[in-house]
Amino acid sequence: MTVAIIDYGSGNLRSCAKAFERAARENNLAIDVVVTDDLHHVRDASHIVLPGVGAFADCRAGLDAVGGMVELLHEQVIEGGKPFMGICVGMQLMAKVGREFANTDGLGWIDGEVVAIEPDDPALKIPHMGWNELRLDDAGADHPVLKGISSGDHAYFVHSFHMRIATPSQRLASVDYGSEITAIVGRDNMIGTQFHPEKSQKTGLTLIGNFLGWKP
């Protein structure tokens with residue numbers, strides 16, 4: 001099996017790859033990890049990961065710039081049912097639209113929009129950066145990718161925008177940062193984390209290990 005981490009010019013790809021390699025090793029999973037913008041590698045992979053750092057519109061433009069990648073993702077993830085994970089802005093791109101500075105179409109896989117964080121406590125700084133406690137939703141408590149993860153476990157966040165979900169069943173976890181912030185989304189064969197699992201130590205490695213063994 002192979003996990004393809006998509007290289008479209010956004011994200012700390014090496015850090016992400018190292019976390020997936022470690023999770024595979026610790027779970028005794030024979031999985032190769034490749035960082036790639038090659039459509040053939042993505043098509044042949046058993047799992048697909050879309051990381052992302054920066055502004056929503058820039059990441060969407062970067063993804064569009066890899067000719068045929070958006071169409072291939074639709075083919076492999078939506079039509080083919082291949083396990084998919086979005087990370088940070090890669091997760092935000094799963095939404096219908098991003099409203100960071102301008103309205104930008106997302107992939108439309110999750111019924112939500114990406115909007116600015118607006119904490120009700122003015123003392124809370126933006127970006128939301130650091131560790132925060134996950135609160136699992138009902139849909140998240142029974143999700144196989146979140147096995148071994150509980151409310152109160154910590155994950156590492158760096159972001160100024162978050163996904164506002166329109167279909168509650170597609171939110172798997174949230175955190176409190178002066179308002180309710182979406183932390184994990186998912187449906188069918190796809191999952192997305194607003195936090196960085198590759199920086200989230202035990203919680204992140206547990207989630208990645210579960211994802212690598214996931215057969216939705």
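I take contact to mean heavy atoms within 4.5 Å. Helices (H or I, at least four residues) and strands (E, at least two) are DSSP runs, numbered from the N terminus.

I note that this is a predicted model, in which local features need pLDDT of at least 70, side-chain atom pairs count only at pLDDT 80 or more, and totals for chains, interfaces and linings use all residues. Residues are numbered from 1 along each chain as its sequence is written, and side-chain values use heavy atoms, with hydrogens and water left out.

**Helix α3**

I looked up α3 (residues 56–65) and found Phe56, Cys59, Arg60, Gly62 and Leu63 buried (under 20% relative accessible area with a 1.4 Å probe, protein chains only; exposed is over 50%, partly exposed in between). Seen down the axis of α3, these buried residues fall within an arc of 160° and so line one face of the helix; the arc is that of the directions from the helix axis to the C-beta atoms. On the other side of α3, I found Asp58 and Ala65 exposed. I then asked what covers the buried residues of α3. The cover includes β3, α4, α5 (89–92), β5 (95–98), β6 (104–105) and β7 (110–116).

**The sheet**

I traced an open sheet of eight strands with mixed pairing, in the order β2-β1-β3-β4-β14-β13-β12-β9; two strands pair if DSSP finds at least two bridges between them. Its edge strands, β2 (32–36) and β9 (135–136), each pair on one side only. I recorded that β9 pairs with β12 (residues 171–176) in the antiparallel sense over two bridges. Arg135 has Ser174 of β12 as its bridge partner.
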